Amino acid sequence: CIIKSGEATKLSDFVGKPVVINFWATWCQYCKEEMPYFEEIYKAEQDIQFMMINATDGEEETKEKAESYIEKNSYTFPIYYDTNLEAVMNYNLYSFPVTVFIDKDGNISSWAIGHKDSKVKSFLQNMSEKAEEILQKQLEKAKDTKEVFSMKKHKEVIKKNKVDLKV
């Protein structure tokens, strides 16, 4: 169950708009490094729905830690809390950060594992030239990239685990 302001949220609530989902945690250094980038894009793009999902396990990562971090850094993008790690498990995540791109019809169009990956650049470039300009500036600062799953590999993972991620 994904929670925002005490209310359960479903991905299907956002059908009709492209969605950027970012899974993160306060203990994840790469997650923290890419937060300013997401904040910049969020402020610039009104047509993209952002879901910054905190992996809130209640022990290592608590809602209070996440809220404190967000407040301290004055981030304004929407924060959601995966309080029972259901979304983390459904997406078969094993590391953070992970960014998932959902098209306006509710289909996963791409995803990226790791910090400021080229998949992020590619997807957002197609969504907005303004986002591309901001992303390019941020990518120039980035020094580290991680593995990117191709859609083919992603579909294999879904088929193997019988996880339906289409809204």
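Leaving out residues up to four places away in sequence, F14 touches T9, V19, Q49, M51 and Y80. The model is a predicted one. F14 sits in the loop that links β2 (7-9) to β3. Its relative accessibility is 15%. The limit for buried is under 20%, so F14 counts as buried.

Now the overall plan. The protein has 6 helices and 7 strands. Read from the N terminus, the order is β-β-β-α-β-α-β-α-β-β-α-α-α. Of the 167 residues, 48% are buried. Take the contacts between residues at least 6 apart in sequence: 72% of them join residues at least 24 apart. The accessible surface is about 8,800 Å², and carbon and sulfur atoms account for 47% of that area.

The largest nonpolar core holds 39 residues, and I21, F23, W24 and V100 touch the most other members. At least two residues of this core come from each of β3 (19-24), α1 (29-44), β4 (49-54), α2 (63-72), β5 (79-82), α3 (86-90), β6 (98-102) and β7 (108-113). F23 shows how the parts meet. Setting aside neighbours within four places in sequence, F23 is in contact with C31, I53, A87, V88, Y91, L93, F96, P97, V98 and V100.

C31 pairs with C28, and the two sulfur atoms are 2.5 Å apart. The torsion about the S-S bond is about 80°, so this disulfide is right-handed. Both C28 and C31 are buried.

Follow α1 onward from there. Its buried residues are C31, E34, M35, Y37, F38, E39 and I41. Two glutamates, E34 and E39, are on that list. The helix is not straight: α1 has a kink of about 35° at M35.

F96 and P97, both contacts of F23, are joined by a cis peptide bond, with omega about -5°. P97 belongs to the loop between α3 and β6. N92 is found in that loop too. N92 is not a glycine, yet its phi is positive, at about 55°. Its relative accessible area is 37%, so N92 is partly exposed. S74 also has a positive phi, near 55°, and is likewise not a glycine. S74 lies in the loop between α2 and β5. With 53% relative accessibility, S74 counts as exposed.

V100, one of the core residues that touch the most other members, stands opposite W111 in β7. The hairpin has 5 residues between its strands, and G106 takes a positive phi near 90°. How much of β7 is buried? The answer is 5 of its 6 residues, so the strand is largely enclosed by the rest of the structure. In a regular strand, side chains alternate between the two faces of the sheet.

Conventions: Residues are numbered from 1 along each chain as its sequence is written. This is a predicted model: local features need pLDDT of at least 70, side-chain atom pairs count only at pLDDT 80 or more; totals for chains, interfaces and linings use all residues. Side-chain values use heavy atoms; hydrogens and water are left out. A nonpolar core is a set of buried Ala, Val, Leu, Ile, Met, Phe, Trp, Tyr and Cys residues joined through side-chain atoms within 4.5 Å. Buried means under 20% relative accessible area, exposed over 50%, partly exposed in between (1.4 Å probe, protein chains only). Helices (H or I, at least four residues) and strands (E, at least two) are DSSP runs, numbered from the N terminus. Contact means heavy atoms within 4.5 Å. A disulfide is a pair of cysteine sulfur atoms within 2.5 Å. The bend at a residue is the angle between axes fitted to the seven residues ending there and the seven starting there. Two strands pair if DSSP finds at least two bridges between them. Accessible areas come from the Shrake-Rupley method with a 1.4 Å probe; for residues, only the protein chains shown count as cover.
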